[in-house]
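Here is a short report on one strand and its partners. Look at the structure first, then read on.

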Amino acid sequence: MNSHLDNALNNMAENLDISESHYNLAESRYKSIGTWMTRDNSSIKSYNPKISPQGSFNLGTIVKPHGKENEYDIDLVCSLDISKSLTTQKNLKNLVGEEVKSYFESNGFKKEPKDGRRCWTLEYSDQAKFHLDILPAIPDSAFYKSILESRSIQNIWADDAIAITDKYDQNFNSYSEDWPRSNPKGYSKWFFNRMRVRLDEQRRVLAKSVDQLPDHKIKTPLQKAIQILKHHRDIMFENDQEDKPISIIITTLAAHAYNNESSISEALNNIITKMPDYIDDPDGDSKIQNPVDPLENFADKWPEHPDRKVKFFQWLTQVEEDISEWLQQSSKQEIGIKLNERFDKGLIEKSLGESITSKSRLLPTAQLPTIITPYHRQQPQWPMNLKYNAKLEVQVKKNGWRTQNISSNHPALDKSLSIYFSIKTNAPGVSKYYWQVVNTGTEATNANCLRGDFYDGEIRRGGKRRKEDTSYTGQHCVECFVVQNGICVARTGDFIINIK
(Lines give C-alpha, C1' and ligand atoms only; values in the text may rest on other atoms or scores of the structure.)
Protein backbone atom coordinates (compact mmCIF):
# COMPACT_ATOMS: atom_id res chain seq x y z
CA MET A 1 0.00 0.00 0.00
CA ASN A 2 1.28 3.48 -0.94
CA SER A 3 0.61 5.55 2.18
CA HIS A 4 1.40 8.90 0.52
CA LEU A 5 -0.97 8.14 -2.34
CA ASP A 6 -3.73 6.91 -0.04
CA ASN A 7 -3.45 10.02 2.12
CA ALA A 8 -3.64 12.22 -0.97
CA LEU A 9 -6.61 10.32 -2.43
CA ASN A 10 -8.48 10.28 0.88
CA ASN A 11 -7.98 14.02 1.25
CA MET A 12 -9.04 14.54 -2.37
CA ALA A 13 -12.28 12.67 -1.76
CA GLU A 14 -12.92 14.72 1.37
CA ASN A 15 -12.28 17.97 -0.52
CA LEU A 16 -14.55 16.84 -3.37
CA ASP A 17 -17.38 15.90 -1.00
CA ILE A 18 -20.30 18.21 -0.34
CA SER A 19 -19.53 20.52 2.59
CA GLU A 20 -21.30 20.00 5.89
CA SER A 21 -23.09 23.34 5.55
CA HIS A 22 -24.32 22.54 2.03
CA TYR A 23 -25.39 19.06 3.12
CA ASN A 24 -27.37 20.43 6.07
CA LEU A 25 -28.93 23.11 3.89
CA ALA A 26 -30.00 20.62 1.21
CA GLU A 27 -31.38 18.26 3.86
CA SER A 28 -33.33 21.01 5.60
CA ARG A 29 -34.84 22.18 2.31
CA TYR A 30 -36.03 18.81 1.10
CA LYS A 31 -37.46 18.10 4.57
CA SER A 32 -39.18 21.49 4.35
CA ILE A 33 -40.86 20.40 1.11
CA GLY A 34 -41.90 17.15 2.79
CA THR A 35 -43.50 19.10 5.63
CA TRP A 36 -45.28 21.32 3.10
CA MET A 37 -46.69 18.30 1.25
CA THR A 38 -48.22 16.91 4.49
CA ARG A 39 -49.59 20.16 5.96
CA ASP A 40 -53.30 20.24 6.87
CA ASN A 41 -54.48 22.07 3.73
CA SER A 42 -52.21 20.20 1.32
CA SER A 43 -54.12 19.03 -1.75
CA ILE A 44 -52.29 15.67 -1.62
CA LYS A 45 -52.23 15.04 2.14
CA SER A 46 -54.80 12.24 1.79
CA TYR A 47 -52.33 10.34 -0.43
CA ASN A 48 -49.74 10.18 2.39
CA PRO A 49 -46.90 11.93 0.47
CA LYS A 50 -43.34 10.94 1.32
CA ILE A 51 -40.21 12.82 0.23
CA SER A 52 -36.95 10.88 0.20
CA PRO A 53 -33.50 11.47 -1.35
CA GLN A 54 -32.09 9.30 -4.11
CA GLY A 55 -28.98 9.29 -6.29
CA SER A 56 -25.49 10.38 -5.27
CA PHE A 57 -26.70 12.53 -2.36
CA ASN A 58 -28.21 9.41 -0.76
CA LEU A 59 -25.33 7.10 -1.75
CA GLY A 60 -22.60 9.34 -0.35
CA THR A 61 -20.91 9.73 -3.75
CA ILE A 62 -21.83 13.33 -4.53
CA VAL A 63 -18.99 15.58 -5.71
CA LYS A 64 -18.62 19.34 -5.79
CA PRO A 65 -19.77 20.86 -9.08
CA HIS A 66 -16.97 21.35 -11.59
CA GLY A 67 -17.04 24.76 -13.27
CA LYS A 68 -18.49 28.10 -12.24
CA GLU A 69 -21.97 27.55 -13.65
CA ASN A 70 -22.62 24.03 -12.33
CA GLU A 71 -24.78 23.25 -9.30
CA TYR A 72 -25.34 20.35 -6.95
CA ASP A 73 -28.12 18.17 -8.30
CA ILE A 74 -30.18 16.84 -5.35
CA ASP A 75 -32.55 14.09 -6.52
CA LEU A 76 -35.74 13.44 -4.56
CA VAL A 77 -38.70 11.07 -4.86
CA CYS A 78 -42.20 12.23 -3.94
CA SER A 79 -44.25 9.05 -3.45
CA LEU A 80 -48.06 9.10 -3.17
CA ASP A 81 -50.28 6.24 -2.03
CA ILE A 82 -52.56 6.05 -5.05
CA SER A 83 -53.44 3.28 -7.46
CA LYS A 84 -52.46 3.35 -11.14
CA SER A 85 -56.05 2.38 -11.91
CA LEU A 86 -57.21 5.73 -10.48
CA THR A 87 -54.72 8.08 -12.11
CA THR A 88 -52.51 8.64 -15.13
CA GLN A 89 -48.88 9.64 -15.18
CA LYS A 90 -49.95 13.12 -16.29
CA ASN A 91 -52.43 13.46 -13.43
CA LEU A 92 -49.84 12.33 -10.87
CA LYS A 93 -47.29 14.75 -12.30
CA ASN A 94 -49.82 17.58 -12.01
CA LEU A 95 -50.85 16.61 -8.47
CA VAL A 96 -47.28 16.88 -7.24
CA GLY A 97 -46.64 19.91 -9.46
CA GLU A 98 -49.44 21.91 -7.90
CA GLU A 99 -47.92 21.50 -4.46
CA VAL A 100 -44.43 22.29 -5.74
CA LYS A 101 -45.82 25.49 -7.29
CA SER A 102 -47.64 26.48 -4.11
CA TYR A 103 -44.42 25.88 -2.12
CA PHE A 104 -42.63 28.12 -4.64
CA GLU A 105 -45.20 30.90 -4.23
CA SER A 106 -45.21 30.71 -0.43
CA ASN A 107 -41.42 30.82 -0.06
CA GLY A 108 -40.59 33.71 -2.36
CA PHE A 109 -38.61 31.83 -5.03
CA LYS A 110 -37.49 33.93 -7.98
CA LYS A 111 -37.40 31.09 -10.54
CA GLU A 112 -40.59 29.20 -11.26
CA PRO A 113 -40.47 25.40 -10.95
CA LYS A 114 -39.54 23.67 -14.19
CA ASP A 115 -41.76 20.93 -15.54
CA GLY A 116 -39.13 18.52 -16.84
CA ARG A 117 -39.38 15.18 -18.59
CA ARG A 118 -39.77 13.22 -15.36
CA CYS A 119 -39.25 15.68 -12.51
CA TRP A 120 -40.22 19.05 -11.15
CA THR A 121 -37.13 21.20 -10.59
CA LEU A 122 -36.78 23.86 -7.89
CA GLU A 123 -33.86 26.25 -8.36
CA TYR A 124 -32.57 28.37 -5.51
CA SER A 125 -31.39 31.89 -6.26
CA ASP A 126 -29.12 32.21 -3.22
CA GLN A 127 -25.53 31.03 -2.87
CA ALA A 128 -26.49 27.44 -2.12
CA LYS A 129 -25.48 26.35 -5.64
CA PHE A 130 -27.93 23.46 -5.85
CA HIS A 131 -31.34 22.60 -7.24
CA LEU A 132 -33.87 19.96 -6.25
CA ASP A 133 -35.29 17.49 -8.79
CA ILE A 134 -38.56 16.05 -7.45
CA LEU A 135 -39.74 12.83 -9.11
CA PRO A 136 -43.47 11.95 -8.71
CA ALA A 137 -43.96 8.24 -8.01
CA ILE A 138 -46.26 5.61 -6.56
CA PRO A 139 -45.39 2.23 -4.94
CA ASP A 140 -45.44 -0.51 -7.59
CA SER A 141 -43.91 -3.67 -6.13
CA ALA A 142 -46.93 -5.94 -6.79
CA PHE A 143 -47.15 -5.19 -10.52
CA TYR A 144 -43.36 -5.35 -10.94
CA LYS A 145 -43.19 -8.72 -9.17
CA SER A 146 -45.90 -10.07 -11.48
CA ILE A 147 -43.77 -9.09 -14.50
CA LEU A 148 -40.72 -10.83 -13.04
CA GLU A 149 -42.70 -13.95 -12.17
CA SER A 150 -44.09 -14.15 -15.72
CA ARG A 151 -40.49 -14.30 -16.93
CA SER A 152 -39.27 -16.66 -14.17
CA ILE A 153 -36.98 -13.94 -12.77
CA GLN A 154 -36.34 -13.49 -9.06
CA ASN A 155 -35.12 -10.25 -7.54
CA ILE A 156 -34.72 -9.65 -3.82
CA TRP A 157 -35.00 -5.87 -4.22
CA ALA A 158 -38.44 -5.85 -5.89
CA ASP A 159 -40.33 -4.80 -2.73
CA ASP A 160 -39.12 -1.22 -3.17
CA ALA A 161 -40.04 -0.79 -6.86
CA ILE A 162 -41.93 2.38 -7.81
CA ALA A 163 -43.80 3.59 -10.88
CA ILE A 164 -42.69 7.01 -12.13
CA THR A 165 -43.81 9.69 -14.58
CA ASP A 166 -42.23 10.34 -17.98
CA LYS A 167 -43.62 12.79 -20.54
CA TYR A 168 -42.09 10.78 -23.38
CA ASP A 169 -43.76 7.54 -22.37
CA GLN A 170 -46.52 6.40 -24.74
CA ASN A 171 -48.91 5.87 -21.81
CA PHE A 172 -48.29 9.27 -20.18
CA ASN A 173 -51.81 10.55 -20.89
CA SER A 174 -53.75 7.32 -20.55
CA TYR A 175 -54.84 4.93 -17.80
CA SER A 176 -52.49 1.96 -17.89
CA GLU A 177 -50.73 -0.52 -15.64
CA ASP A 178 -47.60 -0.15 -17.77
CA TRP A 179 -45.68 2.81 -16.35
CA PRO A 180 -41.92 3.52 -16.38
CA ARG A 181 -40.26 1.99 -13.31
CA SER A 182 -37.48 2.83 -10.91
CA ASN A 183 -36.16 1.52 -7.62
CA PRO A 184 -33.87 4.06 -5.92
CA LYS A 185 -34.46 2.62 -2.44
CA GLY A 186 -33.61 -0.90 -3.62
CA TYR A 187 -30.53 0.39 -5.44
CA SER A 188 -29.37 2.15 -2.26
CA LYS A 189 -29.75 -1.09 -0.29
CA TRP A 190 -27.80 -3.02 -2.95
CA PHE A 191 -25.06 -0.39 -3.05
CA PHE A 192 -24.54 -0.30 0.72
CA ASN A 193 -24.59 -4.09 0.79
CA ARG A 194 -21.65 -4.13 -1.66
CA MET A 195 -19.48 -2.34 0.93
CA ARG A 196 -21.07 -3.79 4.07
CA VAL A 197 -17.81 -5.24 5.46
CA ARG A 198 -15.93 -1.93 5.38
CA LEU A 199 -18.94 0.12 6.44
CA ASP A 200 -19.56 -1.98 9.57
CA GLU A 201 -15.85 -2.01 10.34
CA GLN A 202 -15.59 1.78 10.15
CA ARG A 203 -18.64 2.23 12.32
CA ARG A 204 -17.11 -0.04 15.00
CA VAL A 205 -13.82 1.85 14.93
CA LEU A 206 -15.47 5.27 15.04
CA ALA A 207 -17.81 4.23 17.84
CA LYS A 208 -14.77 3.86 20.12
CA SER A 209 -13.39 7.34 19.43
CA VAL A 210 -16.34 9.55 18.43
CA ASP A 211 -19.49 10.13 20.47
CA GLN A 212 -21.76 10.67 17.49
CA LEU A 213 -20.99 10.90 13.78
CA PRO A 214 -23.72 11.27 11.13
CA ASP A 215 -24.00 8.34 8.75
CA HIS A 216 -23.24 10.56 5.75
CA LYS A 217 -19.79 11.33 7.19
CA ILE A 218 -18.78 7.66 7.31
CA LYS A 219 -17.18 6.94 3.95
CA THR A 220 -15.75 3.68 2.64
CA PRO A 221 -13.02 3.30 0.01
CA LEU A 222 -15.76 2.49 -2.53
CA GLN A 223 -17.57 5.79 -2.04
CA LYS A 224 -14.31 7.76 -2.13
CA ALA A 225 -13.13 5.90 -5.23
CA ILE A 226 -16.39 6.74 -7.02
CA GLN A 227 -16.04 10.40 -6.07
CA ILE A 228 -12.54 10.51 -7.56
CA LEU A 229 -13.63 8.62 -10.69
CA LYS A 230 -16.54 11.00 -11.23
CA HIS A 231 -14.31 14.04 -10.83
CA HIS A 232 -11.76 12.51 -13.22
CA ARG A 233 -14.66 12.10 -15.68
CA ASP A 234 -15.83 15.70 -15.12
CA ILE A 235 -12.34 17.06 -15.83
CA MET A 236 -11.77 14.86 -18.88
CA PHE A 237 -15.14 15.73 -20.44
CA GLU A 238 -15.65 19.27 -19.22
CA ASN A 239 -16.23 20.40 -22.83
CA ASP A 240 -18.29 17.36 -23.84
CA GLN A 241 -21.29 17.18 -21.54
CA GLU A 242 -23.44 15.37 -24.10
CA ASP A 243 -21.42 12.16 -24.39
CA LYS A 244 -19.51 11.94 -21.12
CA PRO A 245 -19.91 8.68 -19.13
CA ILE A 246 -22.98 8.89 -16.90
CA SER A 247 -22.72 8.56 -13.13
CA ILE A 248 -25.08 5.60 -12.74
CA ILE A 249 -22.87 3.48 -15.03
CA ILE A 250 -19.69 4.45 -13.18
CA THR A 251 -21.32 3.85 -9.78
CA THR A 252 -22.86 0.51 -10.74
CA LEU A 253 -19.72 -0.95 -12.34
CA ALA A 254 -17.55 0.30 -9.47
CA ALA A 255 -19.84 -1.24 -6.84
CA HIS A 256 -19.87 -4.56 -8.73
CA ALA A 257 -16.07 -4.57 -8.97
CA TYR A 258 -15.41 -3.50 -5.38
CA ASN A 259 -14.19 -6.36 -3.19
CA ASN A 260 -14.14 -4.51 0.15
CA GLU A 261 -10.54 -3.37 -0.32
CA SER A 262 -9.30 -1.54 2.75
CA SER A 263 -7.39 1.25 1.00
CA ILE A 264 -8.61 3.68 -1.62
CA SER A 265 -5.64 3.05 -3.95
CA GLU A 266 -6.30 -0.70 -3.93
CA ALA A 267 -9.99 -0.08 -4.46
CA LEU A 268 -9.38 2.21 -7.44
CA ASN A 269 -6.89 -0.15 -9.03
CA ASN A 270 -9.12 -3.22 -8.70
CA ILE A 271 -12.31 -1.40 -9.64
CA ILE A 272 -11.02 0.09 -12.86
CA THR A 273 -9.44 -3.22 -13.90
CA LYS A 274 -12.60 -5.25 -13.28
CA MET A 275 -15.22 -2.81 -14.56
CA PRO A 276 -15.37 -4.34 -18.08
CA ASP A 277 -16.20 -7.75 -16.54
CA TYR A 278 -19.67 -6.43 -15.68
CA ILE A 279 -20.53 -5.21 -19.18
CA ASP A 280 -22.40 -7.88 -21.14
CA ASP A 281 -21.88 -7.68 -24.89
CA PRO A 282 -23.27 -10.86 -26.47
CA ASP A 283 -24.43 -9.35 -29.77
CA GLY A 284 -22.56 -6.07 -29.91
CA ASP A 285 -25.31 -4.19 -28.03
CA SER A 286 -23.73 -3.56 -24.66
CA LYS A 287 -25.76 -4.26 -21.55
CA ILE A 288 -25.05 -2.87 -18.09
CA GLN A 289 -27.86 -4.36 -16.04
CA ASN A 290 -29.54 -2.43 -13.28
CA PRO A 291 -28.72 -4.68 -10.28
CA VAL A 292 -32.18 -4.12 -8.76
CA ASP A 293 -34.14 -4.32 -12.03
CA PRO A 294 -32.99 -7.11 -14.37
CA LEU A 295 -35.15 -5.64 -17.14
CA GLU A 296 -33.34 -2.27 -17.22
CA ASN A 297 -30.14 -1.61 -19.19
CA PHE A 298 -28.17 1.45 -18.12
CA ALA A 299 -26.35 1.38 -21.49
CA ASP A 300 -29.53 1.36 -23.56
CA LYS A 301 -28.62 4.71 -25.16
CA TRP A 302 -25.28 3.46 -26.54
CA PRO A 303 -26.68 1.95 -29.78
CA GLU A 304 -28.46 5.23 -30.53
CA HIS A 305 -25.39 7.29 -29.53
CA PRO A 306 -22.32 5.12 -30.36
CA ASP A 307 -19.92 7.92 -29.39
CA ARG A 308 -20.98 7.41 -25.77
CA LYS A 309 -19.70 3.85 -25.82
CA VAL A 310 -16.44 4.88 -27.52
CA LYS A 311 -15.87 7.69 -25.03
CA PHE A 312 -16.70 5.50 -22.05
CA PHE A 313 -13.94 3.09 -23.05
CA GLN A 314 -11.58 5.98 -23.83
CA TRP A 315 -12.19 7.27 -20.31
CA LEU A 316 -11.75 3.78 -18.86
CA THR A 317 -8.43 3.38 -20.67
CA GLN A 318 -7.23 6.81 -19.58
CA VAL A 319 -8.13 6.40 -15.92
CA GLU A 320 -6.51 2.94 -15.85
CA GLU A 321 -3.28 4.44 -17.21
CA ASP A 322 -3.45 7.28 -14.71
CA ILE A 323 -3.99 5.00 -11.71
CA SER A 324 -1.10 2.80 -12.84
CA GLU A 325 1.18 5.84 -12.94
CA TRP A 326 -0.02 7.11 -9.55
CA LEU A 327 0.81 3.75 -7.97
CA GLN A 328 4.35 3.86 -9.34
CA GLN A 329 5.24 7.12 -7.55
CA SER A 330 6.91 6.99 -4.15
CA SER A 331 7.21 10.53 -2.80
CA LYS A 332 4.51 13.09 -2.08
CA GLN A 333 6.00 15.46 -4.67
CA GLU A 334 6.03 12.80 -7.40
CA ILE A 335 2.45 11.84 -6.56
CA GLY A 336 1.41 15.48 -6.64
CA ILE A 337 3.00 16.01 -10.05
CA LYS A 338 1.20 13.00 -11.50
CA LEU A 339 -2.16 13.85 -9.92
CA ASN A 340 -1.79 17.40 -11.23
CA GLU A 341 -1.78 16.05 -14.78
CA ARG A 342 -5.47 15.22 -14.35
CA PHE A 343 -6.78 17.48 -11.60
CA ASP A 344 -6.62 21.14 -10.60
CA LYS A 345 -3.43 22.21 -8.86
CA GLY A 346 -5.32 23.86 -6.00
CA LEU A 347 -7.17 20.63 -5.21
CA ILE A 348 -3.96 18.59 -5.28
CA GLU A 349 -1.96 21.00 -3.09
CA LYS A 350 -4.81 21.17 -0.60
CA SER A 351 -4.98 17.38 -0.51
CA LEU A 352 -1.21 16.94 -0.16
CA GLY A 353 -0.74 19.74 2.35
CA GLU A 354 2.16 21.18 0.37
CA SER A 355 2.86 22.99 -2.90
CA ILE A 356 3.92 21.06 -5.98
CA THR A 357 6.32 22.01 -8.72
CA SER A 358 4.71 21.05 -12.01
CA LYS A 359 2.94 22.36 -15.05
CA SER A 360 -0.81 22.85 -15.20
CA ARG A 361 -2.97 19.80 -15.70
CA LEU A 362 -3.34 18.27 -19.13
CA LEU A 363 -6.08 19.43 -21.43
CA PRO A 364 -9.39 17.59 -21.11
CA THR A 365 -10.19 15.04 -23.77
CA ALA A 366 -12.72 17.29 -25.46
CA GLN A 367 -9.93 19.81 -26.17
CA LEU A 368 -7.61 17.19 -27.61
CA PRO A 369 -7.86 16.48 -31.29
CA THR A 370 -9.56 12.80 -31.20
CA ILE A 371 -9.40 14.17 -32.12
CA ILE A 372 -6.65 15.32 -34.50
CA THR A 373 -8.71 15.83 -37.66
CA PRO A 374 -6.67 17.61 -40.37
CA TYR A 375 -7.59 17.23 -44.03
CA HIS A 376 -5.01 14.48 -44.60
CA ARG A 377 -6.48 12.15 -41.98
CA GLN A 378 -8.39 9.38 -43.74
CA GLN A 379 -11.70 8.09 -42.41
CA PRO A 380 -11.83 4.46 -41.22
CA GLN A 381 -12.72 2.18 -44.11
CA TRP A 382 -14.64 -0.43 -42.08
CA PRO A 383 -18.19 -0.51 -40.69
CA MET A 384 -18.13 0.09 -36.93
CA ASN A 385 -19.54 -2.42 -34.43
CA LEU A 386 -17.50 -1.69 -31.32
CA LYS A 387 -18.25 -4.83 -29.33
CA TYR A 388 -14.96 -4.90 -27.40
CA ASN A 389 -12.55 -2.49 -25.76
CA ALA A 390 -8.94 -1.78 -26.64
CA LYS A 391 -6.13 0.40 -25.32
CA LEU A 392 -2.54 1.22 -26.19
CA GLU A 393 0.46 0.58 -23.95
CA VAL A 394 3.32 2.80 -25.01
CA GLN A 395 7.03 2.79 -24.19
CA VAL A 396 9.73 5.27 -25.14
CA LYS A 397 13.31 4.04 -25.60
CA LYS A 398 16.34 6.27 -25.65
CA ASN A 399 19.70 5.18 -27.06
CA GLY A 400 18.31 1.69 -27.46
CA TRP A 401 18.32 0.79 -23.75
CA ARG A 402 16.46 3.11 -21.38
CA THR A 403 12.70 2.47 -21.31
CA GLN A 404 9.91 4.69 -20.01
CA ASN A 405 6.16 4.03 -19.98
CA ILE A 406 4.13 7.05 -21.06
CA SER A 407 0.45 8.00 -21.23
CA SER A 408 -1.39 9.94 -23.90
CA ASN A 409 -0.54 13.65 -24.11
CA HIS A 410 2.68 13.12 -22.14
CA PRO A 411 4.85 16.25 -21.88
CA ALA A 412 6.77 16.93 -25.08
CA LEU A 413 9.44 14.33 -25.96
CA ASP A 414 12.85 14.92 -27.43
CA LYS A 415 13.58 13.97 -31.02
CA SER A 416 15.47 10.82 -32.03
CA LEU A 417 13.62 8.56 -29.60
CA SER A 418 11.96 5.24 -30.43
CA ILE A 419 8.33 4.72 -29.40
CA TYR A 420 6.78 1.25 -29.19
CA PHE A 421 2.98 0.95 -29.32
CA SER A 422 1.31 -2.29 -28.20
CA ILE A 423 -2.43 -2.87 -28.33
CA LYS A 424 -4.28 -4.68 -25.54
CA THR A 425 -7.80 -5.85 -26.36
CA ASN A 426 -10.40 -8.32 -25.13
CA ALA A 427 -11.58 -9.09 -28.68
CA PRO A 428 -11.53 -12.92 -28.98
CA GLY A 429 -10.57 -14.98 -32.00
CA VAL A 430 -8.48 -13.94 -34.99
CA SER A 431 -8.23 -10.22 -35.69
CA LYS A 432 -6.34 -7.93 -38.02
CA TYR A 433 -4.80 -4.78 -36.62
CA TYR A 434 -4.57 -1.55 -38.57
CA TRP A 435 -2.66 1.48 -37.38
CA GLN A 436 -3.24 5.12 -38.26
CA VAL A 437 -0.45 7.63 -37.69
CA VAL A 438 -1.29 11.32 -38.12
CA ASN A 439 1.41 14.00 -38.05
CA THR A 440 0.94 17.76 -37.91
CA GLY A 441 3.23 20.79 -37.96
CA THR A 442 5.57 22.61 -40.30
CA GLU A 443 8.43 20.10 -40.11
CA ALA A 444 6.26 17.12 -41.05
CA THR A 445 4.65 19.17 -43.83
CA ASN A 446 8.03 20.21 -45.31
CA ALA A 447 9.23 16.60 -45.14
CA ASN A 448 6.08 15.45 -46.96
CA CYS A 449 5.34 13.15 -44.02
CA LEU A 450 1.93 14.17 -42.69
CA ARG A 451 0.64 10.63 -43.25
CA GLY A 452 -2.92 9.89 -42.07
CA ASP A 453 -3.52 6.56 -43.83
CA PHE A 454 -3.51 3.02 -42.42
CA TYR A 455 -0.67 0.52 -41.81
CA ASP A 456 -0.23 -3.05 -40.62
CA GLY A 457 1.62 -3.71 -37.37
CA GLU A 458 4.82 -5.73 -37.17
CA ILE A 459 4.15 -9.16 -38.69
CA ARG A 460 6.14 -11.03 -36.05
CA ARG A 461 3.87 -9.62 -33.36
CA GLY A 462 0.73 -10.57 -35.25
CA GLY A 463 0.16 -6.91 -36.08
CA LYS A 464 -0.34 -5.93 -32.43
CA ARG A 465 2.75 -3.77 -32.18
CA ARG A 466 4.11 -0.76 -34.03
CA LYS A 467 7.35 1.22 -33.77
CA GLU A 468 7.63 4.94 -34.53
CA ASP A 469 10.40 7.53 -34.09
CA THR A 470 10.11 11.08 -32.74
CA SER A 471 11.16 13.01 -35.84
CA TYR A 472 9.03 16.13 -36.21
CA THR A 473 8.13 18.91 -33.80
CA GLY A 474 4.40 19.13 -33.14
CA GLN A 475 1.41 17.23 -31.83
CA HIS A 476 0.77 13.87 -33.48
CA CYS A 477 -1.42 10.86 -32.79
CA VAL A 478 -1.58 7.08 -33.23
CA GLU A 479 -4.69 4.91 -33.19
CA CYS A 480 -5.17 1.17 -33.67
CA PHE A 481 -8.28 -0.52 -35.14
CA VAL A 482 -9.21 -4.15 -34.44
CA VAL A 483 -10.92 -5.69 -37.49
CA GLN A 484 -12.72 -9.04 -37.77
CA ASN A 485 -14.41 -10.20 -40.99
CA GLY A 486 -14.19 -6.73 -42.44
CA ILE A 487 -15.84 -5.06 -39.42
CA CYS A 488 -14.09 -2.88 -36.83
CA VAL A 489 -14.95 -4.43 -33.45
CA ALA A 490 -12.70 -2.24 -31.27
CA ARG A 491 -10.57 0.88 -31.52
CA THR A 492 -8.20 2.48 -29.05
CA GLY A 493 -8.96 6.14 -29.59
CA ASP A 494 -6.16 8.61 -30.23
CA PHE A 495 -2.88 8.36 -28.35
CA ILE A 496 -1.42 11.88 -28.43
CA ILE A 497 2.34 12.31 -28.89
CA ASN A 498 3.95 15.73 -28.34
CA ILE A 499 7.45 16.30 -29.71
CA LYS A 500 9.73 19.26 -28.95
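## Strand β5 and its partners

Strand β4 (residues 120-123) pairs with β5 in the antiparallel sense, over four bridges. Within this pairing, T121 has D133 in β5 as its bridge partner. Strands pair here if DSSP finds at least two bridges between them. Strands (E, at least two residues) and helices (H or I, at least four) are DSSP runs, numbered from the N terminus.

This is a predicted model: local features need pLDDT of at least 70, side-chain atom pairs count only at pLDDT 80 or more, and totals for chains, interfaces and linings use all residues. Residues are numbered from 1 along each chain as its sequence is written, and side-chain values use heavy atoms, with hydrogens and water left out.

| Pair | Sense | Bridges | A bridge pair |
|---|---|---|---|
| β5 and β6 (residues 162-164) | antiparallel | three bridges | A137 with I164 |

Is β5 open or enclosed? Nine of the ten residues of β5 (residues 130-139) are buried, so the strand is largely enclosed by the rest of the structure. Buried means under 20% relative accessible area, exposed over 50%, and partly exposed in between (1.4 Å probe, protein chains only).

Now the confidence. pLDDT is the predictor's confidence in each residue, from 0 to 100. The protein chain averages 86, and 91% of the residues score at least 70. Over residues 362-370 the pLDDT is below 50. Beyond near neighbours in sequence, this stretch still has 27 contacts in the model. A contact means heavy atoms within 4.5 Å.
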